Amino acid sequence: MDETLNIRQLVRENIRDLVPYSSARDEYSGSASVFLDANENPHNIPLNRYPDPRQIEVKKMIARIKGQQVENLFLGNGSDEGIDLLFRVLCEPGIDNVITVDPTYGMYGVCAGINNVEQRSVLLRTDFTLDADAVLKAVDDRTKMIFLCSPNNPTSNSLDREVVMRIIREVNCMVVVDEAYIDFSREEGTGFPSSTKSTGFPRLTKSMLSHVPEKKNLVVLQTLSKAWGLAGIRLGMVFAHEELIGYLSNVKYPYNINSLTMESALKSLADQSLRENWVNQILVERRKLNERLKSFAFVKRIFPSDANFLLVKMEDPSDVYEFLMNRGIIVRDRSSVPLCEGCLRITVGTEAENLQLCDALDTYNQTKDNV
Ligand SMILES: *Cc1c(COP(=O)(O)O)cnc(C)c1O
């Protein structure tokens, strides 16, 4: 459908011809040395200056690392800004709808609610696989977006890429694939690239990013909040067709990414080996934690994880949650979420943190044995 997809027609009418705010720095982009155009304070260099509203330097660096064009990249104050702007650009309040495949990341539904957009919830199958027919059945001509999270939070599995591609091919709306955890996902049986050979992990699962240039209705979300260890700086990425990126850029706050964020992003992005080491350590710890948790009698099931957390089914999740909390260890209780009954979501921490967790669970196990 992508060749015929008209992005302009998908966009809300009031956004199509919106004239965006034009900042002082938008109107001048040469290399002057005296800046008296933006009512900035001349003191307190360099934070006295407004940041680059187009974020060219950071975008170039990210585009290069990701093998994408700058024109296909939007930067937001976390992925959350990207998600919210997609709603505001595409969805007419009270009229349009979006589809989420649940259980999944809560922000899609929250943003739908804030923007008064109907959220149609389709469930994953009980084995957490994606039911394309169920998704396609929920689509109508007011559907603007389908959110697919892969690897999915909180179920921790990746969605089948062929099934995702089928949905992209068969619909006339945007398909938003949230790849927040993509760096923790590994493809089995595909060989080992030299950089991760020593850890014995298969290579990265293929991102949907490579399809962005050819699929007009594909939007890929990534973030610096997880594998890059930069949740505190708030930097999220939206990769999409340049026309859609243009609309997002017109709607955003002019200076949505601040100077300190851009500075630390540039610094961190320059050294990829640090992130690779962290990811490898987390994958090693994920495997160890999985083994250790399996040995506890009260643990009923650990779902296979492609992310930096484990979804663990237990006999009495709220009891375990409280026990851990009293020892200063906080995990996420997902037991009230459909298909996650009985489950806690446990983030993989450092070796020491995971040991502390397992020691606490060991103690819990013994107190349960004795009653
Ligand atoms: C953590 C997470 C994000 C990251 O959001 P940021 O706003 O970039 O920190 C995005 N999507 C999912 C599914 C997540 O779990």
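Predicted model: local features only at pLDDT ≥ 70, side-chain atom pairs only at ≥ 80, totals over all residues.
Local features need pLDDT of at least 70 and side-chain atom pairs count only at pLDDT 80 or more, while totals for chains, interfaces and linings use all residues. Residues are numbered from 1 along each chain as its sequence is written, and side-chain values use heavy atoms, leaving out hydrogens and water.

**View 1. Helix α5, residues 79–90.** Helices are DSSP runs (H or I, at least four residues), numbered from the N terminus. At 1.5 Å a residue, the 12 residues of α5 should span 16 Å. The expected span is 1.5 Å times one less than the number of residues. The end C-alpha atoms are 16 Å apart, which agrees. Because 10 of the 12 residues are buried, α5 is largely enclosed by the rest of the structure. Buried means under 20% relative accessible area (1.4 Å probe, protein chains only). Among the buried residues are Gly-82, Leu-86 and Val-89.

**View 2. Helix α5 against helix α6, residues 107–114.** The two helices pack at an angle of about 40°, with axes 10 Å apart. Axes are lines fitted to C-alpha atoms over the stretch in contact. Asp-80, Ile-83, Asp-84 and Phe-87 of α5 meet Met-107, Tyr-108, Cys-111 and Ala-112 of α6. Contact means heavy atoms within 4.5 Å.

**View 3. Ile-7 in helix α1, residues 7–10.** Ile-7 has 0% relative accessibility, so it counts as buried. Which residues does Ile-7 touch, not counting those up to four places away in sequence? They are Met-174, Lys-216, His-241, Glu-243, Leu-244 and Tyr-247. Ile-7 and Glu-243 are 236 residues apart along the chain, yet their C-alpha atoms are separated by 7.1 Å.

Conventions: Buried < 20%, exposed > 50% of the residue type's maximum accessible area, 1.4 Å probe, protein only. Axes fitted to C-alpha atoms, helices over the stretch in contact; angles between N-to-C directions.
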